[in-house]
Amino acid sequence: MYKSLFNQLRSAGDGWCVSIVLPTEKGFQDHKMTDATLKGAFREAETALEEKGLDKRAVKDLMDRLHALAEGVDFAHGEEGLGFFVGGQVAKKVDFPFPVHRKVIVDTSFEVRDLVYGMGSLDEYFFLSLSRNDSRLYYGLGRKLWDVTKHQEGLEDLAVEADWSFDKMHGDHDAFQTYLQHVDKNLGLYLNRRKLPVIVGGNEESLNFFFNHTHHGEHLKGRLNGSFDQVQETKLAEALAPVLHDIRVARAENVKDQLAEAEGRHKASHGIVNVWPLAREGRVDQLVVERGYHCPAYVHGHELFLEEPDSEVVVQVEDAVDDLIETVLSHQGNVFFVPAGTFEPKVAALLRY
């Protein structure tokens, strides 16, 4: 879902673009507080547009489109963040199922970092709930969960013909184990569509049998003891949170190990100044960025400088990290975020050559 919107934003056309990202924290459900927060952000955007020199008609058009997006938004049942993007032919609202920082940006391109973060598989996963009352498979994105054993609008790429029912056989132990093997085959159908990490939930006996007999062990990244037949998806997301945290930490460590190994083969680069020209050459296969890292800088030719160089032909960029991310994605590279405060070079890259 984020990749599609990202591509729309990147092809929005000429003109000024408004990007507003708001954390929907405690209190955002309060109508008066929500109204004040939105009005403040929209007023800031309007002021910025006027300062860019737009005529009143152009400003009004953009602001009308922003206000239209805000109508009918159910803040009481929203995610952890909310984004508004208006400019060119684009007028989009998006929910973020992960924490975001407040941003009100008017520029010639959209602020896309939160979308890029959502595009990555960092918060994307399957949760398989094992049960005699029919097992279920959920697609997860952050704290948002969709039961893909049922038809879900917007998840057509995960539409799979699979029977998840279990005909109860009066507690027949062997019958349930046969059923778990059937569930494992079903899981494979979904993994053929999306190779995502899988968390498996169920009682201890079911989990042990499943992990010992699965054909998809390389994808099983976590387990959760308990019964989840009647658990609401919001409560389920809370139960999954610590497991997801452990998966993220393990994946971040794995990326660091890959960087260390690639360094010995001269296929890695560290630091934004060094990675910058390699990205422009299309050599970056995977960009690794510490979450929340920002870097104002100067560009001269194909080089990046953290301090203004002695040159008349220099371009100042507000955040070189955003520009670097867009460059890597434009060359079909991938971007991986590691938790804030855990990555000393802040930026590194695995290279194609």
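**View 1. H219 sits in a loop between helix 6 (204-213) and strand 9 (220-225).** Helices (H or I, at least four residues) and strands (E, at least two) are DSSP runs, numbered from the N terminus. This is a predicted model, where local features need pLDDT of at least 70, side-chain atom pairs count only at pLDDT 80 or more, and totals for chains, interfaces and linings use all residues. Residues are numbered from 1 along each chain as its sequence is written, and side-chain values use heavy atoms, with hydrogens and water left out. Is H219 buried or exposed? H219 is buried, at a relative accessible area of 15%; buried means under 20% relative accessible area, exposed over 50%, and partly exposed in between (1.4 Å probe, protein chains only). Setting aside residues up to four places away in sequence, H219 touches L191, K195, L196, P197 and V198, where contact means heavy atoms within 4.5 Å. There's also a polar contact between the side chains of H219 and E218, at 3.5 Å. That term covers a pair of N or O atoms within 3.5 Å; within protein, one must be able to donate a hydrogen and the other to accept it, and residues adjacent in sequence count only if both atoms are side-chain atoms.

**View 2. Strand 1 (residues 17-23) is tucked inside.** Seven of the seven residues of strand 1 are buried, so the rest of the structure largely encloses it. Both faces are covered: C17, S19, V21 and P23 are buried on one side, and V18, I20 and L22 on the other. In a regular strand the side chains alternate between the two faces of the sheet. Strand 1 runs antiparallel to strand 4 (residues 103-107), with five bridges joining them; two strands pair if DSSP finds at least two bridges between them. Look for C17 and its bridge partner in strand 4, D107. Strand 1 also runs antiparallel to strand 2, this time with six bridges, and here L22 is partnered with L82.

**View 3. Strands 2 and 3 make a hairpin.** Strand 2 (residues 81-87) and strand 3 (residues 90-96) run antiparallel and are joined by seven bridges. F85 has K92 as its bridge partner in strand 3. Two residues lie between the strands, and G88 in the turn has a positive phi of about 60°.

**View 4. V299 belongs to strand 12.** V299 is buried, with a relative accessible area of 12%. Skipping neighbours within four places in sequence, V299 is in contact with W276, L304, V313, V314, V315 and V317. How far apart in space are V299 and Q316, which are 17 residues apart in sequence? They are 6.3 Å apart, C-alpha to C-alpha. Zoom out to find an open sheet of three strands, in the order 13-12-14, with antiparallel pairing. Its edge strands, strand 13 and strand 14 (315-317), each pair on one side only. Strand 12 and strand 13 share three bridges, and H300 has E303 as its partner in strand 13.

**View 5. Helix 8 (residues 272-280) has buried residues: I272, V275, W276, L278 and A279.** Their cover includes strand 10 (268-270), strand 11 (284-290) and helix 9 (320-330). After helix 8 comes G282, with a positive phi near 80°.
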